[in-house]
Amino acid sequence: MRADRGQRAAYARLLKKHTPAVPVIRNALMAFLIGGSICAVAQIFMNFFTRHGLTPERAGAMTSVTVVFIGAALTALGLYDEIVRVAGMGGSLPISGFSNSVVSPAMEFRREGWVLGVGARMFGVAGPVVTFGLLASMLVGAVYLLFRIPLPK
Amino acid sequence: MHDADAAIAAPPPMPATAPPMERRRGRTILFQDAWITGAASVAGPTEGRGPLRDRFDEVAEDHLLGQKSWESAESELLRRAFAHLCEQMGLGHGDFDLLLAGDLLNQTVATAFAARDVDVPFCGLYNACATFAEAMGLAAALCDGGYCRRVAVATSSHHDAAERQYRFPTEFGNQRPPSAQWTATGAGAVAIEAAAGQRAWARIAAFTPGRVMDYGIQDPFNMGAAMAPAAADTLAAHVADLGLHPGDYGAVYTGDLARVGVPVCEDMLRARGTDLCLRDCGVELYDPRHQDVHAGGSGAACCALVCTARILPDLRAGAYHRALLCSTGALHSTTTYQQGESIPAVAHAVTFEAANRG
């Protein structure tokens, strides 16, 4: 039986009474604290690399590599999902979260083999980031070309 | 003795040229000769730390059970549950005429692959988390109708196997809303037979099969909301068909409506003039103070574990005379969800009565 529009609307009102609200304030606070801590750790590495003579560009790249590695290691140890459970976007948004989104399917689908499992399904979660990130870059490049905007140094 | 007990327990006296025994009232099927004679459960480690920890036949050591994948581990849960059932009853595989079983995985592979090692003819079933009650109702009909002497009924689910299929890889970081539920890891098996005599734990008195209900819920993180209308529809039909009152039941259980779905269902029933106080398998399987399962448990094993570890043993021990289990199932898939479809649901109700009365 499919409920008609009136029944669905009445049901939605009933649900509102009983569905617990998402604890937005607490989630936002934890995202700030834990996400901020991840970024603070990244800054420590950034300072370290700069102090040891890397150019700002190279230091930035090495910092990303380091944070990706930390995310991958914590995923492999089974800890990263526990962090995100509490931190929410504070754990998902930094590049360590991206790392988690690639390493976790690689771990999961190893049982389907290296080619069809790990290889094919590794980007199952992060795929949209890659696809639409590339697409956005192409569009930005097209705009630069069309309007003959000089590239930044 | 309660007068209300007579409503479905005692068949009317038989005149010389007897009309057939009453087999149906409305949507509800009535049985005269279908009995539970055994129940066994194997739970996962999380369930084994919950309130029912001392009532399971076995608590698995980890989520892999010595297997290479979550899917194989789920098959192993089912194999062990059936082995416990046979051991408990002192029977072999050949003593069962049929195995009715199901799980949540695509193509019900957990039960199909486990059935390779169960030397009993196998009929797989799928109604998501409502499969257990569905299977018990069908098994009771086969026994009561004289087609089978003894049928094994089993369902299983595995948290990681379900997450991997329905949602995300198990190590992926994801924050779930408070209405989300936790797929139970475990398997429950019961034996249903005719002419059970002294061996009966309980009688299966009635089976009310459910209609598929769709109230437009699209959120897979709020299954209780998707399934509550189906449970309300089936429970309302059951009560109307049998003319019973809420007080006629020692316990009315829903399968896995959990903390969001239960009050919603109770409200819907109240609007139809039925005041039922619902217990829920998803709520009773875990301890919310120490186990972060949000709204409660779900999964095909959820009501199987609570039914075999709590409801049936309690009935057998005389805690109450009559109990109802209304298993609830959400009939969506990852494909339908991604295509923006809503989640239809179904709920089936089975009535148990204590075997020895008075």
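A residue is called buried if 20 or more other C-beta atoms, placed from the backbone, lie within 10 Å of its own, exposed if 12 or fewer do, and partly exposed in between. R148(A) is exposed because 6 other C-beta atoms lie within 10 Å. The structure is a predicted model, in which local features need pLDDT of at least 70, side-chain atom pairs count only at pLDDT 80 or more, and totals for chains, interfaces and linings use all residues. Residues are numbered from 1 along each chain as its sequence is written, while chains are lettered from A and ligands numbered from 1 in the order in which they are written.

R148(A) sits in the segment after α8 (127-146) of chain A; helices are DSSP runs of H or I with at least four residues, strands are runs of E with at least two, and both are numbered from the N terminus. Most residues other than glycine have a negative phi. R148(A), not a glycine, has a positive phi of about 45°. A258(B) also has a positive phi, near 60°. This residue belongs to helix α6 (residues 258-271) of chain B and is buried, with 31 other C-beta atoms within 10 Å.

Strand β10 (residues 202-208) of chain B holds A205(B), which is buried, with 20 other C-beta atoms within 10 Å. From A205(B) to D219(B) the C-alpha to C-alpha distance is 35 Å, at 14 residues apart in sequence.

In chain A, domain 1 (24-122) and domain 2 (123-153) are assigned, with bounds from an automatic or database domain assignment. Their centres, taken over C-alpha atoms, are separated by 23 Å.
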